[in-house]
Each structure stands twice: as C-alpha cells, then as structure tokens.
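Grab the model and work through these exercises with the viewer open. Try each task before you read its solution.

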Amino acid sequence: MSNAIDTALHDALCRLVEVHGGEDLTAALADFGWPDALAGDAQTSTTALFVAMGRTGAWCSALHDVMSAPELTGGSDTIVALPVPNRRDVDHHRTDHLHGLVVGRALPADVHFTITRADGPSVVVVPADALTSRPIGGLDQRLELVHVSAARSAARPVLHGDDARAAWAVSVDAGRRALAHHLIGASQRMLTLAIEHALARQQFGSVIGSFQAVRHRLADAHVAVEAASAAAAAAWEAEDPSLAAMLAKSLAGRAATITGRHCQQVLAGIGFTAEHPFHHFFLRSVVVDRILGSAAELPEAIGRHLIRGGRVPRLVEL
C-alpha cells in the first residue's frame with residue numbers, strides 16, 4: 001500500500017510541475033497540500049518535485065519549505081535565507097548588515113539568517129518590514145532570485161553555538177538533497193535532448209548517433225547522471241546525513257557539468273541557439289550548482305568533514 005501511495009504522490013507532483021511554474025506553481029502546491037506531503041514523506045515529495053522541476057525548467061519557492069526545519073525556524077512560517085555564493089562568513093562578522101538569497105518568491109516573509117561570529121554560529125530572524133530586497137538577473141532569470149539584506153540591529157537572536165550549528169546542518173542537508181535532485185532532473189533533460197538530436201541528425205549518410213565519438217560522449221554523460229542519482233537516493237538513509245548530502249550535491253553538480261559539456265558537443269551549433277531549449281537547462285544547472293556549495297567547492301568541505309570525524313565511513317555495502 002505504501003508503494004502505491006508513494007507512486008500516486010510522485011505522479012501528482014509531476015503533473016503539477018508540468019502545468020505550473022513560478023508563483024503559479026507555489027500556489028498550486030499550497031492548494032495540493034505540499035506542506036503536509038513534505039511533512040508526511042519528505043523523500044518522495046522532495047525527490048518527485050525537484051526532479052520534475054529540473055526536467056521541465058520550472059521553479060518555485062519550495063526549496064525554502066524543504067529547508068525550514070523545525071529545529072531552525074521553531075515551526076514558524078518564515079524563510080531560511082540562502083548564503084550568497086562567494087560571500088565569506090567573515091563579511092557577516094565585519095559588517096553591520098546581513099545578506100542572503102531567496103528563490104522563487106519576490107516578497108519574502110520573515111527571514112532566518114545564519115551567521116558566523118567569533119564566538120560561534122548564530123541563527124537570527126529579521127521581520128519582513130525590516131528587509132531590503134532586490135531582484136537578481138544573471139544567467140537564469142526564471143529562478144526569480146532575490147537578494148535580501150537587513151541591518152544587523154533589526155535581527156532577533158534565535159539560536160547560538162552548538163544549537164545553531166546543528167539546526168543549520170539539518171536545514172542545509174535538506175537543501176542539498178533537494179538541489180541534487182533538481183540538477184539530476186536538468187541533466188536528464190539535457191541528455192534526452194542530445195539523444196533525440198543524435199538520432200535525427202544525419203551526416204555522411206548516417207545519423208550522428210551511430211558515430212563512436214558521439215556514443216562515447218552520451219555514454220559518459222549517462223554514467224555520470226546515474227552515479228549522481230544513486231548518490232542522491234542513498235543520501236536519504238545515510239549514517240552521516242551531512243556527508244551524504246554533500247556527496248549527493250557534489251556528484252549532481254559534476255554530472256550536470258559533464259552532461260552539459262558533452263551534450264553541447266553533440267548538439268553543436270543548434271545547442272547555442274535561443275530557439276533550442278537546451279540552453280535553458282544548461283544555464284539552470286550552472287546557477288543551481290552554485291547554491292549551497294558547488295561541485296568545485298564541496299570536495300574540500302567533504303575532506304574537512306572526514307578529518308573532523310577521524311574516519312571514512314562505508315558508503316556502500318558490498
């Protein structure tokens with residue numbers, strides 16, 4: 001019975017994503033009962049929604065729902081601000097302002113910020129009327145990225161020290177798992193587009209999909225995506241959830257990079273055109289890879305995590 005319910009939930013969320021996007025999708029998810037579905041079965045709900053958004057190019061504010069762990073927000077209806085990529089924690093310590101990112105929502109509610117101080121991490125909440133927000137353009141404007149900032153004096157402390165560190169870890173782990181599934185969905189769509197082109201495009205009297213060089217590129221991309229999918233699925237029941245979430249996000253970002261590079265080569269000039277959908281998924285993967293740690297940054301964080309733990313856990317039972 002549980003498998004049937006999981007399948008029905010998965011299919012329903014996928015259908016919602018196919019016909020909605022942006023604020024329309026946010027509203028449709030609320031009508032569907034997304035918060036209850038997330039609370040009842042986080043794995044099925046998160047996996048289905050974020051893979052489907054990756055495959056279709058849709059987006060909404062669901063990432064903040066996923067990251068609003070009760071440990072961090074206390075169960076209140078607030079948004080967890082994402083760290084600004086390339087902005088070091090020391091910036092928060094030296095300035096009198098807080099900075100963060102919100103995705104898929106132009107007018108944020110009260111926002112939780114996590115900051116690093118000399119005496120340890122802290123979680124603070126800033127009321128909506130004390131926030132300054134501005135839309136961010138960039139490579140993928142459909143993400144509806146919003147930069148939010150506030151004076152540090154407007155923030156109310158919520159957690160500090162070990163409590164803040166533990167709560168933020170739970171939130172980030174959930175966000176990284178969701179983004180890993182989103183990157184996997186985008187990679188799957190890029191690969192599908194390249195395969196369709198390889199089976200239709202002819203050169204020298206043969207479809208290019210019959211050429212060994214093209215097959216090798218598509219095979220390399222397929223292997224990378226399948227490895228990332230396995231890591232993302234395993235991250236939900238791992239002994240070390242933080243390590244597993246970092247690995248899943250890192251491998252998904254790596255798979256998206258490999259898939260984008262190889263599929264662009266297969267698509268050749270048509271992949272650069274505005275008329276072809278490939279560039280939407282490629283640019284989406286580039287931006288999403290940077291959120292909560294990129295494939296280039298996370299291996300170092302994984303190494304630090306392993307050193308702190310003093311051991312390398314078994315990831316797969318052989």
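**Exercise 1.** Work out how α8 and helix α9 (residues 212–234) run relative to each other in this predicted model, given the angle between their axes.

*Solution.* 
- Start with the axes: those of α8 and α9 come within 10 Å and cross at roughly 160°.
- Angles over 145 degrees count as roughly antiparallel, so α8 and α9 are roughly antiparallel to each other.
- Now the hand: where α8 passes α9, the crossing is left-handed.
- Next, pick out who touches whom. On the α8 side you'll find Ala180, His181, Ile184, Ser187, Gln188, Leu191, Ala194, Ile195 and Ala198. Facing them from α9 are Val214, Leu218, Ala221, His222, Val225, Ala228, Ser229, Ala232 and Ala233.
- Finally, sort the residues of this α8–α9 contact by class: 13 are nonpolar, five polar and none charged.

**Exercise 2.** Now try α8 (residues 162–200) with helix α10 (residues 241–267). Which way do they run relative to each other?

*Solution.* 
- Their axes come within 8 Å and cross at roughly 20°.
- Angles under 35 degrees count as roughly parallel, so α8 and α10 are roughly parallel to each other.
- The hand of the α8–α10 crossing is left-handed.
- As for the contact of α8 with α10, its residues comprise 20 nonpolar, six polar and four charged.

**Exercise 3.** Find the second largest pocket and say which residues lie nearest its centre.

*Solution.* 
- Size first: the second largest pocket has a volume of about 570 Å³.
- Its lining has 30 residues, and nearest the centre lie Leu38, His64, Asp65, Val66 and Ser68.
- Then ask which helices supply the lining. At least two residues each come from α2 (22–32), α3 (34–40), α4 (42–56), α5 (62–67), α6 (70–73) and α8.
- By class, the lining of this pocket is made up of 16 nonpolar, nine polar and five charged residues.

Note on methods: Residues are numbered from 1 along each chain as its sequence is written. This is a predicted model: local features need pLDDT of at least 70, side-chain atom pairs count only at pLDDT 80 or more; totals for chains, interfaces and linings use all residues. Side-chain values use heavy atoms; hydrogens and water are left out. Axes are lines fitted to C-alpha atoms, for helices over the stretch in contact, and angles run from 0 to 180 degrees between N-to-C directions. Helices (H or I, at least four residues) and strands (E, at least two) are DSSP runs, numbered from the N terminus. Angles under 35 degrees count as roughly parallel, over 145 as roughly antiparallel, 65 to 115 as roughly perpendicular and the rest as oblique. A crossing is left-handed if the near helix is turned anticlockwise from the far one by less than a right angle, and right-handed if clockwise. Ala, Val, Leu, Ile, Met, Phe, Trp, Tyr, Cys and Pro count as nonpolar, Asp, Glu, Lys and Arg as charged, and the others, Gly among them, as polar. Contact means heavy atoms within 4.5 Å. On a 1 Å grid over the protein atoms alone, a cavity is a set of points where a 1.4 Å probe fits but cannot get out, and a pocket is an open set with protein on both sides within 12 Å along at least five of seven lines; lining residues have an atom within 4 Å of a point. Grid points are joined across faces, edges and corners, and a volume is the space filled by probe spheres set on the points.
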